[in-house]
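Trainee: Could you walk me through this model, starting with the whole chain and then going down to single residues?

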Amino acid sequence: MQHDIPVPALGPQGEVMAHAVDACVHCGFCLPACPTYALLGDEMDSPRGRIVLMKEVLEGTLPLADAAPHLDRCLGCQACVTACPSGVPYGELITSFRGWSEPQRERSPLDRAKRAGILKILPAPKVFSVAARVGQYAKPLAPLLPAALRAPLDLLPERVPAMQPQPPVTPARGKRRGRVAFLAGCAQQALTPNFNAATLRVLARNSIEVVLPEGQGCCGAAALHTGAREEALRLVRQNLTAFDPGEYDAILSNAAGCGAGLKEYPVVLHGLPDEGQAQAFAAKVQDISEYLAGLLRAGELEPFLPTPRPLTVAYHDACHLAHAQGVRAAPRELLRAIPGVTVVEVPEGNLCCGSAGTYNLEQPELANELGVRKARNILSTTPDLIASGNIGCHTQIGSHTRRQGSRVPVLHTVEVLDLAYRGEL
Amino acid sequence: MTPRKTALTPGSRAPKPRSGGTPDNPLAAELTRSLGPQKVLSNLSERRNYRYDAIQFGATPLAVVLPESTADVVTAVRAARAAGVPIVGRGAASGLSGGAVPMQTGLVISFTRMIRLEVFPERREARAQAGVVTLSVTEAARPYGLIYPPDPASFRTSTVGGNLGENAGGPLCFKYGVTGDYVRALEFVDADGEVHELTRDAYDLAGLLIGSEGTLGLITEATLRLTPPPKYTRTLLASFAEVGECAEAVSRAIATGAVPAKLEFMDAACVSAVEDYLALGLPRDAGAVLLVDTDGDDLDTVEEERALVEAACREAGGTVRRAATDAEAAALWQARRSVSPALGRIRPQRMNEDIVVPRSALPEVVREIRALGDASGLPVVQFGHIGDGNLHPNILYDPRRESPEAVHDLAHRIALVAIRHGGVLSGEHGIGTMKRPFMREAVDPVTLGALRDVKRALDPAGRLNPGKILPDEEGETHAHP
């Protein structure tokens with residue numbers, strides 16, 4: 001698309017944004033992939049529409065405040081990136097744009113406080129854990145509260161589990177075949193501690209030593225995707241210091257959102273002195289399913305025990321795994337490697353579940369509608385269990401399938417593998 | 001008759017966000033008053049997004065209406081008539097000739113929320129509102145053993161209404177025909193806001209509306225013919241050293257009596273662009289590739305037709321690869337579908353031709369266009385439904401580096417090649433704004449006069465999608481006020 005974006009004035013992130021706008025030929029192939037377009041049926045709430053809006057705000061011909069409501073409704077799911085034949089890096093565009101525009105946004109004090117609160121609480125496991133426990137007791141009051149406060153409570157499980165210890169080094173079982181670094185994640189430690197426990201067990205069983213490097217923090221994705229660029233830069237640099245890519249075969253994450261965030265570091269630091277360091281780091285980052293599927297393809301994965309009865313597993317593609325990282329085959333291959341498991345595809349599988357980082361808290365109505373639709377689609381496959389590779393999807397799908405009266409368990413892919421190893425599936 | 005199934009088309013029951021602020025012009029204010037703020041877009045950020053299609057940008061409308069019923073369309077048309085402003089209908093705006101682009105300030109009616117779809121399997125019919133996404137007609141019909149064949153490349157995005165406006169085709173059109181061939185009845189709203197129901201009897205007024213690009217009326221609903229899908233399909237890919245050889249293979253194959261379902265070609269630049277996107281292992285060193293489907297209910301005939309096409313390809317100097325699996329065949333067709341947008345990887349803008357020439361002239365025409373492209377210094381790529389003689393030569397350019405005049409001049413010369421060989425200006429994309437300047441050369445003055453009479457009969461005030469199809473009359477600077 002032709003544009004007059006004043007690139008030099010915008011700096012390195014301006015280059016990132018202008019490149020994305022350049023690549024868009026406004027063909028509209030992205031429209032059917034977009035969840036908000038599917039719900040609202042209007043051009044401004046489609047990827048093509050948002051690219052035009054961002055272009056015009058950057059060109060200075062459209063006030064930011066006019067475009068903002070439509071840009072805020074974007075889930076950042078990047079389904080449009082998968083659908084785009086012209087190769088528009090939409091994710092890089094919206095992330096950079098949010099970072100550029102946030103300092104210019106006029107927000108109410110309440111809104112500001114809410115956003116600051118989210119960004120303080122989400123990335124700090126201990127604080128989150130306390131908040132979750134308080135929230136758990138406040139849950140019965142939810143119907144009396146305004147929507148903004150009700151949404152986070154709705155997402156909390158009935159019981160917040162106890163935190164589990166995470167050893168700094170988990171030794172390989174038997175002869176060590178590899179050594180990986182692991183990003184422990186934030187909110188997920190408090191809400192679903194078993195994700196990490198299962199990950200460590202599965203890796204150890206495959207003779208991989210796992211290190212949780214000291215000094216690591218939040219991946220920064222939540223800050224980055226809500227436009228808190230300075231905060232994101234701080235977290236990115238903290239992790240670049242903590243993880244030395246030369247020391248490990250791979251740097252693993254088991255949360256799709258965090259993994260995508262880690263892989264984005266070179267874009268965040270584009271044009272800055274530590275860009276090269278970020279590239280070396282990002283080259284080593286893999287989702288847990290990619291890494292294990294690598295072992296499987298090499299014939300090196302420990303075999304799973306067969307399930308006692310045939311099991312139908314509905315696999316849900318987390319957007320940040322399928323669209324942002326392009327990881328679709330790996331988790332399916334792993335699940336299919338369990339004797340007795342059949343993996344089924346979910347109708348409208350490419351449509352986001354509505355969780356999308358902090359979206360649930362910022363756009364509760366649209367998030368809820370997508371959650372209802374996702375749960376209905378998944379349950380239409382009559383699965384025995386539901387697997388996914390992201391804490392946000394896990395929470396959203398679990399809460400909506402339960403609300404639709406289902407008791408089908410929702411597990412992380414690696415939890416399914418862990419159960420299969422233990423013969424408990 | 002009660003429909004058996006209401007399809008799961010996208011949509012939401014949730015209240016749509018309201019257009020914020022106060023409408024800043026009387027038309028937007030009036031429409032907001034009569035239709036409500038959720039169906040009318042009046043903010044600048046909203047209206048700006050209804051001035052483009054997949055090929056160009058036009059004027060920002062005064063207001064945009066997102067109707068949910070034919071009654072809403074009537075209200076909108078009457079308001080625009082009272083305000084004396086033009087009306088442009090719009091589907092998903094994936095069109096490639098400027099058909100949905102407003103050339104003057106006025107009202108845009110976007111049909112994306114009119115998505116009611118009913119399937120009547122006993123009658124082999126579907127009743128679709130204008131905003132129904134094309135592919136979803138087949139998806140809704142498939143459980144009853146039926147499909148809706150028209151398959152433009154954009155069929156995941158484009159709408160039934162838009163396809164009707166442009167009389168869109170697709171790869172299947174060689175054997176199965178284009179959108180208009182599947183229409184049994186239409187409902188449309190005229191320039192005065194009156195609702196009409198048309199069938200194909202007597203004067204085929206429905207046929208007149210189809211392909212009229214919203215210049216004669218606004219199609220709001222259609223009854224579409226469904227067919228059972230063929231039992232067997234076989235796919236092959238042939239590659240040629242040179243684009244003319246590919247055209248020769250097509251002429252030879254059709255001369256043997258084969259009627260493939262699809263006969264599509266892509267030249268080397270298209271293959272490269274698609275490979276950059278999909279990495280399917282297409283032959284990057286070929287001058288052109290031909291993609292062919294033969295289909296039918298009798299496997300022997302299907303295989304026999306494939307053998308005829310294979311032989312023709314080899315005789316013309318090509319090498320042939322059969323798709324071994326359904327997945328491989330699907331990947332090859334995805335490649336073909338992605339050509340158009342994937343060309344954006346070469347240059348950000350393009351001028352998209354849509355000529356049709358007699359099949360006997362194909363080898364000569366594609367070679368002449370190749371030569372014109374080479375001589376111009378601009379990247380020219382060719383692909384299209386070559387079985388129908390429908391070619392899409394595309395001139396790719398970067399407006400910051402290459403002169404739009406040179407691009408327009410080259411497009412004109414390509415159009416003249418088609419006309420010289422007894423061809424026409426548009427196969428499926430419509431005339432729109434892109435080929436309007438060439439209409440005087442393509443259509444004789446008497447016929448052009450008849451087209452103008454038709455337009456005046458149905459739209460005397462010239463309010464419907466002005467600036468499209470018909471060139472300005474001699475001595476006139478604007479087609480309509």
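Mentor: We will go through the fold, the contact between the chains and a few residues.

Mentor: This is a predicted model, in which local features need pLDDT of at least 70, side-chain atom pairs count only at pLDDT 80 or more, and totals for chains, interfaces and linings use all residues. Residues are numbered from 1 along each chain as its sequence is written, chains are lettered from A and ligands numbered from 1 in the order in which they are written, and side-chain values use heavy atoms, with hydrogens and water left out.

Trainee: How many helices and strands does chain A have?

Mentor: Chain A has 24 helices and 9 strands, where helices (H or I, at least four residues) and strands (E, at least two) are DSSP runs numbered from the N terminus. The radius of gyration of chain A is 21 Å, close to the 22 Å from the globule rule for 425 residues, so chain A is as compact as a globular protein of that length; the radius is taken over C-alpha atoms, and the rule is 2.2 Å times the number of residues to the power 0.38.

Trainee: And what share of chain A is buried?

Mentor: Buried residues make up 62% of the 425 residues in chain A, with buried meaning under 20% relative accessible area, exposed over 50%, and partly exposed in between (1.4 Å probe, protein chains only).

Trainee: New topic: how many residues does each chain bring to the contact?

Mentor: Chain A gives 38 residues and chain B gives 43, contact meaning heavy atoms within 4.5 Å. About 3200 Å² is buried between chain A and chain B, and carbon and sulfur atoms give 52% of that area; buried area is the accessible area (1.4 Å probe) that two parts lose on being put together, summed over both.

Trainee: Which residues of chain A lose the most area there?

Mentor: They are His26(A), Phe29(A) and Pro85(A), which together account for 17% of what the chain A side buries.

Trainee: What about Asp72(B), buried or exposed?

Mentor: Asp72(B) counts as buried because its relative accessibility is 8%, and its place is helix H3 (residues 70–83) of chain B. Leaving aside neighbours within four places in sequence, Asp72(B) is in contact with Leu35(B), Lys39(B) and Pro67(B).

Trainee: Where does Thr382(A) lie?

Mentor: Thr382(A) is in the loop between helix H22 (364–379) and strand S8 (385–388) of chain A. Thr382(A) is exposed, at a relative accessible area of 62%, and its phi is near 40 degrees, a positive value in a residue other than glycine.
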